[in-house]
Amino acid sequence: MRAIVVRQFGGPEVLRLEELPDPKPGPSDIVVRVRAAGVNPVDTYIRTGAHAVKPALPYVPGSDGAGEIESVGPDVKELGVGDRVYIAAFDRTGRTGTYAERTICSSAQAHRLPARVSFPQGAALGVPYATAYRALFQRAAARPAETVLVHGATGGVGTAAVQIAHAHGMRVFGTGGTDAGLKLVRVQGADLVVSHRDANYLDAIMRATGGRGVDVILEMAAHVNLDKDLSLLAPRGRVVVIGNRGRVEIDARQAMGRDAAILGMTLFNATDAELLSIHAALIAGLENGTLNPIVAREMPLADAARAHQAVMEPGALGKIVLVS
């Protein structure tokens with residue numbers, strides 16, 4: 001089979017297309033013919049060797065994917081050959097790599113993909129939607145009728161968060177940097193969209209809340225926005241830091257006066273029970289049509305290096321997937 005292999009940490013050029021043996025399932029494993037693989041920013045951090053999780057070399061990148069099951073181990077009962085599934089294998093082992101024509105994963109890392117959802121859409125689920133759901137409910141404990149600001153709403157996690165929060169009866173605000181991005185966020189269910197390029201966009205958010213502030217902020221760029229976020233919070237507001245690329249100075253008094261909380265998160269810390277809850281909710285949303293993953297670009301597997309460059313470009317809309 002063809003697969004992207006990383007034999008040394010470094011820039012996008014270390015992603016090489018190679019021929020590898022087809023995987024064989026262990027007792028509780030499944031082998032999936034991958035039709036689409038999701039490309040996430042975290043994939044690029046792992047590729048450089050700078051991420052906290054550093055897989056043993058060589059490795060096949062990728063934790064998100066979708067396709068059909070080709071074979072199963074004898075202990076697998078709930079899934080069978082031919083089933084359409086999406087893979088969410090963002091774990092600590094680095095064993096599963098979806099940048100390949102076939103991949104192996106445990107049955108717990110594969111979830112049924114409703115017929116209405118395409119394989120590229122399925123490949124857009126694992127990291128972005130699980131991150132958005134965990135940030136909203138398992139970290140921020142967001143509730144219907146609360147106001148949620150998705151600060152950076154145009155990417156994979158951002159659009160997922162807007163859809164999920166809207167479906168759960170929250171008032172949703174979203175920021176973006178382009179007209180196309182703001183239009184996309186509005187279509188996904190945001191009640192207010194503002195450009196972070198506008199000098200007075202923070203004032204516009206506060207006016208929309210009548211001066212009270214927002215209850216929850218999902219933050220994709222804490223190194224830029226965290227100090228400003230604290231000034232936007234309502235009493236007992238919560239900021240969940242989803243993305244950060246450097247150090248930031250904050251005025252802690254902004255948090256003190258509001259009894260506010262700054263919450264970090266990563267999917268690596270999710271327990272098995274939390275992951276089970278996350279994917280049960282996501283599958284329900286896919287089945288009833290409230291969740292519709294946005295695929296921005298489909299690129300050939302051989303273009304993985306170019307995809308890694310594209311996913312880090314400012315203003316990327318939706319999810320980039322590799323198809324094979």
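Q: What kinds of residues line the largest pocket, by class?
A: Its lining has 22 nonpolar, 21 polar and five charged residues. Here nonpolar covers Ala, Val, Leu, Ile, Met, Phe, Trp, Tyr, Cys and Pro, charged covers Asp, Glu, Lys and Arg, and the others, Gly among them, are polar. One heads-up: this is a predicted model, where local features need pLDDT of at least 70 and side-chain atom pairs 80 or more, while totals for chains, interfaces and linings use all residues. Residues are numbered from 1 along each chain as its sequence is written, and side-chain values use heavy atoms, leaving out hydrogens and water.

Q: Switching topic: how do α3 and α4 cross?
A: Their axes come within 8 Å and cross at roughly 55°. Axes are lines fitted to C-alpha atoms, over the stretch in contact for helices, and angles run from 0 to 180 degrees between N-to-C directions. The two helices are therefore oblique to each other; under 35 degrees is roughly parallel, over 145 roughly antiparallel, 65 to 115 roughly perpendicular, and the rest oblique.

Q: Which residues meet there?
A: From α3, P128, Y129, T131, A132, Y133, L136 and F137 meet G156, V157, A160, A161, Q163, I164 and A165 of α4. Contact means heavy atoms within 4.5 Å. This set divides into 11 nonpolar, three polar and no charged residues.

Q: What about α3 and α9, at what angle do they pack?
A: About 110°, with axes 10 Å apart; α9 is the helix of residues 272–288. That makes α3 roughly perpendicular to α9. Y129, A130, Y133, R134 and Q138 of α3 touch E274, S277, I278, H279, A281 and L282 of α9.

Q: Last one: where does G155 lie?
A: In the loop between β8 (147–151) and α4. Leaving aside residues up to four places away in sequence, G155 touches A316 and G318.

Definitions and conventions
Helices (H or I, at least four residues) and strands (E, at least two) are DSSP runs, numbered from the N terminus.
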